[in-house]
Every structure is written in C-alpha cells, then in structure tokens.
Amino acid sequence: MDKAAQNKKITAVGVVFTIIVTLDFLWAANQWFNRYNWPPPLTTEQLRTDGLNTFKNLQIIAQAQEIYKQTDWNKDGKKVYAEYFTHLWTTINANDDPVLIDLISRELSFAVGPYRPKDNYFFVNLHHRVAEDGKISELDYEKQWAILAIPALYTKRGAPIFIIDNSSRIFVKKYGKMVYLYPKDPTGEGWMEVENLQQLKQFQETVTYTKSMTTYPYRYK
C-alpha cells in the first residue's frame with residue numbers, strides 16, 4: 001500500500017472514530033440534561049395494561065392462598081393462610097428453615113414496595129379489618145387474609161388501587177389516601193367490585209391519567 005493510500009485509510013478511520021465519539025458525547029449530554037425526566041413518562045395505554053396485569057396478579061395470589069392453606073407448614077397443628085404474601089413463594093418450616101413454595105413467582109413475591117413493583121404496582125399486607133360492630137380487629141389467618149395493591153407513582157391521586165381478601169373478591173377505586181384497614185363494606189366506602197377484565201376496563205375509562213401521574217421514581221421490568 002502506497003503512502004497516499006495509507007494516509008487516506010487513516011483519515012477514513014479517524015473520521016469514523018470522530019463520528020462515534022461525537023455521537024457518544026451527544027448521547028451522554030442528552031442523558032445529563034434529561035436526567036430528571038428519566039424514566040420517561042408511561043403512556044395511558046401502558047398504565048391501563050399494568051392495571052389489568054395487577055388484577056391477574058391478585059387472582060394468582062388468591063389461588064395460591066387457597067393451596068397454601070392446605071398444608072400445615074410449621075407443624076403446629078393449624079392450617080392457615082400466609083400472613084405475608086411473600087411466603088407464597090418461600091416460607092419457613094417448624095425448624096425456621098426456608099422452604100420453597102413457588103405458588104407465586106419470585107418477582108411477584110418481591111413486589112413489596114414502590115422501588116420494586118411488579119407491573120408497576122406493589123402489594124401491601126393488611127393485618128386488620130373493620131368488624132361488623134365497627135371495631136378494629138386483627139385478621140384470623142385460619143380464616144382471613146387481605147392485600148392492597150398500589151401503583152408506584154410519584155403522584156398518588158386518582159390512579160386505580162386494588163384490594164382483595166379471602167373471599168377472592170377484587171375491589172378498585174381511585175387513589176385518594178393510603179389504606180391501612182380492610183373496610184367493613186368496601187362498596188359503601190367508594191370501592192367498586194370488578195369481577196373480570198372487561199369490568200376493570202370500563203372502570204379505567206373513568207380515570208384521567210395526567211402527565212404528573214405517569215412519572216415513576218424507578219421502573220423495573
């Protein structure tokens with residue numbers, strides 16, 4: 001290869017390298033200037049899909065609870081529901097040794113907070129409910145369990161939240177404030193029972209998903 005051809009080749013390589021470095025720099029600069037806008041807002045369609053998937057996840061938890069209760073895992077003579085839904089994936093035996101149950105996925109069992117949601121929802125174990133006489137009572141896990149599903153959003157107004165108990169009935173309403181007790185009468189406190197995905201879709205049509213409601217602190221796939 002003569003010197004002119006060699007210089008031409010070096011120049012071409014240099015140009016390509018310069019373009020690559022420039023593109024990398026522009027990408028990095030763009031990430032820096034948009035660092036407060038990451039992750040990008042989710043679309044209304046994605047948020048609705050997340051809600052539908054969460055409905056299915058609650059059904060999975062309900063089915064798993066019924067299977068879980070068929071076994072006396074700690075050998076104390078009582079067959080009970082899982083006090084914490086995470087135990088539907090792994091629990092402990094009478095010797096406090098971990099036992100893989102695998103009635104729900106590991107991913108679902110770890111969805112216990114806003115920084116590790118499943119389908120952009122996380123789940124909260126409810127341990128008390130309002131009794132018929134209006135008094136607050138602890139759940140009896142030989143007969144009862146209850147779980148709340150909350151969207152992992154910065155803005156906690158309006159987005160659908162879900163609640164379910166041992167009856168396997170699922171209720172939904174727009175998020176107004178945190179729920180700590182399973183209500184005596186969900187429908188009397190603004191909850192709507194949804195028996196299937198079609199009913200949930202109809203409810204979702206009443207929800208306005210604004211831009212501020214679609215920004216997540218973190219997003220997990």
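Where is asparagine 120 found? I looked it up and found asparagine 120 in the loop between helix H3 (106-109) and strand E3 (121-125). Helices (H or I, at least four residues) and strands (E, at least two) are DSSP runs, numbered from the N terminus.

**Ground rules.** I am working with a predicted model, in which local features need pLDDT of at least 70, side-chain atom pairs count only at pLDDT 80 or more, and totals for chains, interfaces and linings use all residues. Residues are numbered from 1 along each chain as its sequence is written, and side-chain values use heavy atoms, with hydrogens and water left out.

**Whole chain.** I noted four helices and nine strands. From the N terminus on, I read the order as α-α-β-β-α-β-β-β-β-β-β-β-α. Of the 221 residues, 34% count as buried. Buried means under 20% relative accessible area, exposed over 50%, and partly exposed in between (1.4 Å probe, protein chains only).

I went back to asparagine 120. Its phi is positive, about 65°, although asparagine 120 is not a glycine. Asparagine 120 counts as buried because its relative accessible area is 3%. Serine 168 has a positive phi too, about 70°, and is not a glycine. I found serine 168 in the loop between strand E7 (160-165) and strand E8 (170-174). Serine 168 has 35% relative accessibility, so it counts as partly exposed.

**Helix H4.** Is glutamine 204 buried or exposed? At 3% relative accessibility, glutamine 204 counts as buried. Glutamine 204 sits in helix H4 (residues 197-204). I listed its contacts (heavy atoms within 4.5 Å). Leaving out residues up to four places away in sequence, glutamine 204 touches Arg48, Gly51, Leu52 and Tyr209.

**Helix H2.** Threonine 49 is in helix H2 (residues 44-68). Threonine 49 counts as partly exposed, because its relative accessibility is 33%. I then checked threonine 49 against lysine 201. They are 152 residues apart along the chain, and their C-alpha atoms are separated by 9.4 Å.

**A charged patch.** Which residues gather in a patch of negative charge on the surface? I found Glu132, Asp133, Asp185 and Glu189. Patch residues have over 30% relative accessible area and no salt bridge, and like charges are joined within 9 Å. A salt bridge is a side-chain nitrogen of Lys or Arg within 4 Å of a carboxyl oxygen of Asp or Glu. Aspartate 133 lies in the loop between strand E4 (128-130) and strand E5 (136-138). Aspartate 133 counts as exposed because its relative accessibility is 57%.

Terms used:
Patch = residues over 30% accessible without salt bridge, like charges linked within 9 Å, V, L, I, M, F, W, Y side chains within 5 Å. Areas by Shrake-Rupley, 256 points an atom, 1.4 Å probe, with all protein chains shown as cover. Lys, Arg positive; Asp, Glu negative; His and termini not counted. Charge placed at Lys NZ, Arg CZ, Asp CG, Glu CD.
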